[in-house]
Amino acid sequence: MKALITGGAGFIGRWVVKYLLKKGNEVWALDNLSNGERNNILEFEENPRFKFIKGDILQRDLLKELFNLNFEVCFHLAAAINVQSSIDNPGENLEVNLRGTFNILEEAKKRNTKVIFISTCMVYKQAIDNIPIDEDHSLCPLSPYAATKIAAENLALSYFHTYGLPITILRPFNTYGPFQKTNNEGGVIPIFILRSLKGEILNIYGKGTQTRDFLYVEDCAEAIVKAALSDKIWGEVINIGTGKDISINDLARLIAGDSRRIKHIPHIHPQSEIPKLVCNYSKARKLLNWGPRTSLREGINRTREWIREQKALVLSG
Ligand SMILES: NC(=O)c1ccc[n+]([C@@H]2O[C@H](COP(=O)([O-])OP(=O)(O)OC[C@H]3O[C@@H](n4cnc5c(N)ncnc54)[C@H](O)[C@@H]3O)[C@@H](O)[C@H]2O)c1
């Protein structure tokens with residue numbers, strides 16, 4: 001297929017690009033590089049089936065021109081993803097996550113292009129009594145980031161109901177792996193791994209009892225691509241995760257290997273922290289024939305190896 005990936009130079013986007021290219025597809029990645037990096041897609045640049053466009057989903061003229069290329073599917077991943085920034089500057093989140101999604105939907109509507117919209121597990125209210133969260137679980141916008149994702153999901157679904165646009169919404173749980181940032185903009189797993197490799201203390205915000213369901217990024221990318229291959233799931237919302245959660249305290253112990261190297265510090269935004277997130281992915285199993293393949297231990301090892309290589313490159317360069 002001929003696919004457009006918004007946010008294609010980002011962490012998850014570059015793995016979706018990789019998966020699609022491996023399967024012989026033609027891939028166009030659009031990214032304004034606000035959080036993505038050219039480095040993330042360097043390995044594809046020689047591939048004649050890959051094109052990178054530096055541009056913004058807020059540029060309507062650029063999108064018009066791009067969609068003239070007649071893509072079969074648009075994987076829409078571009079978003080402002082930082083929860084803290086969404087609290088400090090909700091306006092930017094609103095523009096990129098909602099207006100940007102509107103722009104994509106408008107162009108897709110003209111040609112009936114399939115859209116796979118990547119939402120997030122952050123739209124949910126916490127899991128209760130250890131029961132994994134399915135797609136009917138209550139939603140709760142604990143941050144402007146979550147609110148704009150809920151709004152964008154609803155907008156996308158309205159294009160399905162109103163115009164019959166083929167749209168599927170995926171809600172990945174916390175995703176981690178190689179190419180995720182190791183600084184404060186990144187995810188907790190690469191941040192912990194880098195600090196532990198440097199022999200530094202691992203800082204945990206709050207009590208560390210909050211739990212997350214960590215999904216390895218290549219498994220996430222596989223589910224995203226599979227969603228475009230089925231013609232029976234339009235208008236559906238589908239969770240992707242592992243069905244197992246771990247507290248941030250246990251995660252830190254697993255990565256540091258020593259609880260004396262862990263410190264608890266006051267939370268920056270406790271009101272926006274979801275106490276427990278664990279995924280019921282049975283709908284993904286049924287509709288996409290998808291399930292996670294990579295254990296947390298294996299995923300952490302692969303991420304650690306990648307971070308080690310990056311550090312070695314920096315030191316040798
Ligand atoms: N990482 C996770 O744990 C996770 C979990 C659930 C859902 N998601 C969703 O997956 C998607 C990808 O997230 P990620 O973790 O890879 O983040 P990321 O920041 O690495 O990727 C997003 C990409 O979008 C680009 N972008 C931002 N604004 C843009 C704009 N206006 N125009 C064009 N490009 C723009 C950024 O430069 C970046 O490369 C996001 O929609 C995010 O909400 C991520």
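Reply: Two residues are in contact here if their C-beta atoms, placed from the backbone, lie within 7 Å. Helices (H or I, at least four residues) and strands (E, at least two) are DSSP runs, numbered from the N terminus. The model is predicted: local features need pLDDT of at least 70, side-chain atom pairs count only at pLDDT 80 or more, and totals for chains, interfaces and linings use all residues. Residues are numbered from 1 along each chain as its sequence is written.

The part to look at is helix H4, residues 90–111. H4 has 22 residues. From its first C-alpha to its last it reaches 32 Å. That is close to the 32 Å expected at 1.5 Å a residue (the expected span is 1.5 Å times one less than the number of residues).

Next, burial. A residue is buried if 20 or more other C-beta atoms, placed from the backbone, lie within 10 Å of its own, exposed if 12 or fewer, and partly exposed in between. In H4 the buried residues are Asn93, Val96, Asn97, Gly100, Thr101, Asn103, Ile104, Leu105, Glu107 and Ala108. Several elements cover them. Among the helices are H2 (60–67), H3 (83–88) and H5 (144–163). Strands E1, E4 (73–76) and E5 (114–118) belong to the cover too.

Strand E1 deserves a stop. It spans residues 2–6 and holds Ala3. Ala3 is buried because 24 other C-beta atoms lie within 10 Å. Beyond its neighbours within four places in sequence, Ala3 is in contact with Leu20, Asn25, Val27, Phe71, Glu72, Val73 and Phe75.

Now follow H4 to its end. Just after it, Asn112 takes a positive phi of about 55°, although Asn112 is not a glycine. Asn112 lies in the loop between H4 and E5. It counts as exposed because it has 10 other C-beta atoms within 10 Å. Leu33 is another non-glycine with a positive phi, about 60°. Leu33 sits in the loop between strand E2 (26–31) and strand E3 (50–54). With 14 other C-beta atoms within 10 Å, Leu33 is partly exposed.

For another helix, take H8, residues 248–256. Its buried residues are Ile248, Leu251, Ala252 and Ile255. They cover an arc of only 100° around the axis, so they lie on the same side of H8 (the arc is that of the directions from the helix axis to the C-beta atoms). After H8 comes Gly257, with a positive phi near 70°.

Last, the whole. The chain has 10 helices and 13 strands. Of its 317 residues, 45% count as buried. The C-alpha atoms fill a box of roughly 60 × 50 × 40 Å along the principal axes. Among contacts with a separation of 6 or more, 79% join residues 24 or more positions apart.
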